[in-house]
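Please view the sequence and the structure together while reading.

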Amino acid sequence: MREITLEDYKRADRELEREAARRGFTIHAIAYGLVMTGLIILNLTLATEFPWAVFPLIGWGIGLTLHYLFGLRWVNKAITDRQTRIEQRAAASKRAA
């Protein structure tokens, strides 16, 4: 078995983290679409006097947008920050030993 370099490890960690983030957002978006479709249908068929389905649509939509921003758009910065902290901690423990 060949030794991996730090760069190989960082690249693999980044790929795994981004893949998990994409999967999580996709599941969230599918659930949002299904539930909102059901709520809109329910609102249009049973409770037609007031469009109450707009409130969960907007509220959950804000949550979905934040999930997209923090989970997909800015995930690289979070990974880089975490990897930097790991390197600093490893360097500090190596100096202490």
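This is a predicted model: local features need pLDDT of at least 70, side-chain atom pairs count only at pLDDT 80 or more; totals for chains, interfaces and linings use all residues.

Residues are numbered from 1 along each chain as its sequence is written, and side-chain values use heavy atoms, with hydrogens and water left out.

**Packing of H1 and H2**

Helices are DSSP runs (H or I, at least four residues), numbered from the N terminus. Two packed helices are described by the angle between their axes and the distance between the axes. Helix H1 spans residues 6-45 and helix H2 spans residues 54-73; they pack at an angle of about 170°, and their axes lie 10 Å apart. Axes are lines fitted to C-alpha atoms, for helices over the stretch in contact, and angles run from 0 to 180 degrees between N-to-C directions. H1 and H2 are therefore roughly antiparallel to each other, a term used for angles over 145 degrees.

Contact means heavy atoms within 4.5 Å. On the H1 side, the residues that meet H2 include Phe25, Tyr32, Met36 and Leu39, and among their counterparts in H2 are Trp60, Leu64, His67 and Tyr68. The residues of this contact between H1 and H2 divide into 15 nonpolar, six polar and one charged. Here Ala, Val, Leu, Ile, Met, Phe, Trp, Tyr, Cys and Pro count as nonpolar, Asp, Glu, Lys and Arg as charged, and the others, Gly among them, as polar.

| Helix | Residues | First to last C-alpha | Expected span |
|---|---|---|---|
| H2 | 20 residues | 26 Å | 28 Å |
| H3 | 22 residues | 32 Å | 32 Å |

A residue is called buried under 20% relative accessible area, exposed over 50%, and partly exposed in between (1.4 Å probe, protein chains only). In H2, the buried residues include Gly61, Leu64 and Gly71. Seen down the axis of H2, its buried residues fall within an arc of 120°, so they line one face of the helix; the arc is that of the directions from the helix axis to the C-beta atoms. Phe55 and Phe70 are exposed on the other side of H2. The cover over the buried residues of H2 includes H1 and helix H3 (75-96).

In H3, Val75, Ile79 and Gln83 are buried. Viewed down the axis of H3, its buried residues fall within an arc of 65°, so they line one face of the helix. The face turned away from that buried side carries exposed residues, including Lys77, Arg85 and Arg95. H1 and H2 are among the elements that cover the buried residues of H3.

**Single residues**

Gln83 belongs to helix H3 and counts as buried because its relative accessibility is 6%. Leaving aside residues up to four places away in sequence, Gln83 touches Lys10, Asp13 and Arg14.

Ile40 lies in helix H1 and counts as partly exposed at 36% relative accessibility. With residues up to four places away in sequence again not counted, Ile40 touches Ala53 and Leu57. The C-alpha atoms of Ile40 and Ala53 are separated by 5.7 Å, although these residues are 13 residues apart along the chain.

Ala29, also found in helix H1, is partly exposed, with a relative accessible area of 27%. Ala29 and Leu42 are 13 residues apart in sequence, and their C-alpha atoms are 20 Å apart in space.

How values were computed: Helices (H or I, at least four residues) and strands (E, at least two) are DSSP runs, numbered from the N terminus. Angles under 35 degrees count as roughly parallel, over 145 as roughly antiparallel, 65 to 115 as roughly perpendicular and the rest as oblique. The expected span of a helix is 1.5 Å times one less than its number of residues.
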